[in-house]
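Hi,

Here is the structure I promised to pass on.

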Amino acid sequence: MRLKKMIAFAMSALLVTSAFTGCGDGTGSGTSGETSGSGATEEGKGKVYYLNFKPEQDSQWQSLAQSYTKQTGVPVTVVTAASGEYETTLMSEMAKSDAPTLFQVNGPVGLANWKDYCYELSGSDIYGELTSDAFALKDGDDVYGIAYVIESYGIIVNKTLLEKAGYTVGGIQNFDDLKNAADDIQSRKDELGIKGAFASTGMDGSSDWRFKTHLANLPIYYEYKADGIDSTKEIKGTYLDQYRNVFDLYITDSTCDPKELASKTADDARAELINGEAVFYQNGSWEYGSLSESFKDDELEMIPIYFGVDDENEGLCTGTENFWCVNKEASKEDIQATLDFMDWCVTSDEGTKSMGQDMGFVIPFKKAVKSDNVFVEQDAEMTAAGKTPVSWNFTTMPSENWKNGVGSALTAYAAGTGKWDDVVSAFVDGWKTESELSGQ
Amino acid sequence: MIGKVTKKYWPVFILPTLAAFLIGFVWPFLWGIYLSFSRFTTVNNVKFTGYENYKKIFIDNTFSHSFKYTVLFAVVSSVLINVLAFLIALALTKGLAGTNIFRTVFFMPNLIGGIVLGYIWQTLLNGILMIAGQPLLQLSEKNGFWGMVILLCWQQIGYMMIIYIAGLNNVSPDYLEAAQIDGANALQTLFRVKLPMIMPSITICTFLTLTNGFKMFDQNVSLTGGEPAKNSQLLALNIFDTFYARSGPQWKGIGQAKAVVFFFAVVAISLIQLNFTRSKEVQE
């Protein structure tokens, strides 16, 4: 009797374990992963686990990792979080025993969440490879993050259409020029065969970051600049009138009725530019990949978002919100292996070529390879011509919640169900409240 | 013989499921309650902080708003779904032509996932609102509310209808015949005979619709995303939002505390509802 009971227990135990080991190897839902050289960990060499943020570059990272493993024997796992799921994926991955050794944060606010996990990088080789100290993410004198890609955004112009309407990019040098051109194009839209001057200012979740985050960077940038600061607990909103002017221009000279913007997506806006239905489209250098399929390089140009403050000197908005961090909690060997891998990526021929050409990144490291991206070239030309790039200050926005508040207020304002005062209050009062809440 | 075998080998049948239940439900649940008293970024680095998180639940007044909104939503959608599902079930047990086709058609929406439905209905409803010159779903708390009610009704009526049909088919023809002989008209038969006899189905259906209304998340995310300004956020989305849209480790604990409060609220309300409808059930 006893024996049979024991057998029964053993059997059920076996059933349970076999049912659960199945889950052990997975990398979790919403992620795609590949282990190269699995189980081939040589003694003392450590291993690298990179949780990648950019789904567009997943395959390039996978092959770069494989090639690194082939050359050095160090296993490198690259897992890419599904779009928009990075923070949730990172949170669950970090709780595992095999946590990512290399991950990324989006700036000072992201760092606040993960500081306890970040390895101090000031003594690392890769820190010495940075072209400027501005690309390191610091807290006091400690270095916690290294920017690995620099991006620019502005207003992307379909030059062919602009010239058809009788304007040139060179003739648009400040906000008034832009407004005149856009108003005129809008009034002649039927004659020109387009739907509007600006592609739809979509306020759907896939697109609203272009305005609640990227466009909102400009009033913050100019306020910081005027006050000589680089972050604040209380924003004054000195340049919100200019913010309103640009936003008004976007929604008035647009391809659709402002009331419909709440449901317009990022794809809608991109499609309008690609189909020649709009002349202007606010977005960044990361769009080059999808636009270059439909346009020749000389048909597109990115111009600064002229803001009516210092248009003469204003360049494109250039900066980064992608900072590599190394997991402090990982074993010593793994940390070393990760630092070596990062260094290899940005110094070796293969690494820099893959990042610069295959992934299309501009990397802020001394041995960077030139990128093919025209928008990036235009940014370099503008900087060379003496324009000042607008830095990315939206990484200092107090929280995602603040951005959502501004986004909702902008959407309601565009549709006429809300007032501009609500935007101002979401911007200024919301900033104060959110900073206080985050600081606790 | 069978009884003996079951007695001997019960662990084989019970243990795998029990273990899965313990590992997949009970343990995370207890751990979740503990987390609601802590400050954490990941679950293996947790600092106990006592009641701190619970004190901060109402810090940004979104929780109380979504609580009221959710209660209203759960009640309105439950009533509508049950009444409509029951009416359709009545119609489809009359033995009319095409009954089977209609049963299938009404049940179909239930097979589509909430996120997909949300996006499809968003396009549809926004199209109608645009023509009507009304603010879109994302711009008006009221439109968003009714949008979600319509969506949930469309999705769940078929399922509840099946349960009601089963209940109605189980009403013994003897009772109906007796009622007929006693001279009861159709309405009297419905309210005095059929309804009391299908109380168990009503209990199940109100329980399901009420809890589904409280727990709704996917459809909320895809249909309105909580817009405008979090005004159409149901509780589940509010908790998710607290967890992920805020920066700083303290918010994870607050979100967790909200989730625990949410759990007890749903349990309390479902128990009250179960007790109430059970008391109306009759024994044959």
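Cys325(A), in strand E12 of chain A, is the bridge partner of Phe103(A). Please keep in mind that this is a predicted model. Strand E4 of chain A (residues 102–105) runs antiparallel to E12(A), and four bridges join the pair. E12(A) also pairs in the antiparallel sense with strand E6 of chain A (residues 142–147), here over two bridges.

What about the two faces of strand E12 (residues 323–326) of chain A: are they covered or open? Both are covered. Phe323(A) and Cys325(A) lie on one side, Trp324(A) and Val326(A) on the other, and all four are buried.

Now to the place where the chains meet. Chain A brings 36 residues to the contact and chain B brings 38. Together they bury about 3,300 Å², with 63% of it on carbon and sulfur atoms. How many salt bridges does the rule find across the interface of chain B and chain A? It finds zero. As for polar contacts across the interface, there is one residue pair, with both residues at pLDDT 80 or more.

On the side of chain B that touches chain A, helices H1 (2–35), H5 (114–132), H11 (235–244) and H12 (250–279) each supply at least two residues. H1(B) gives the largest share, nine residues. By class, that side of chain B has 21 nonpolar, nine polar and eight charged residues.

Best wishes

Note on methods. Residues are numbered from 1 along each chain as its sequence is written. Chains are lettered from A and ligands numbered from 1 in the order in which they are written. This is a predicted model: local features need pLDDT of at least 70, side-chain atom pairs count only at pLDDT 80 or more; totals for chains, interfaces and linings use all residues. Side-chain values use heavy atoms; hydrogens and water are left out. Contact means heavy atoms within 4.5 Å. Buried area is the accessible area (1.4 Å probe) that two parts lose on being put together, summed over both. A salt bridge is a side-chain nitrogen of Lys or Arg within 4 Å of a carboxyl oxygen of Asp or Glu. A polar contact is a pair of N or O atoms within 3.5 Å; within protein, one must be able to donate a hydrogen and the other to accept it, and residues adjacent in sequence count only if both atoms are side-chain atoms. Ala, Val, Leu, Ile, Met, Phe, Trp, Tyr, Cys and Pro count as nonpolar, Asp, Glu, Lys and Arg as charged, and the others, Gly among them, as polar. Buried means under 20% relative accessible area, exposed over 50%, partly exposed in between (1.4 Å probe, protein chains only). Two strands pair if DSSP finds at least two bridges between them.
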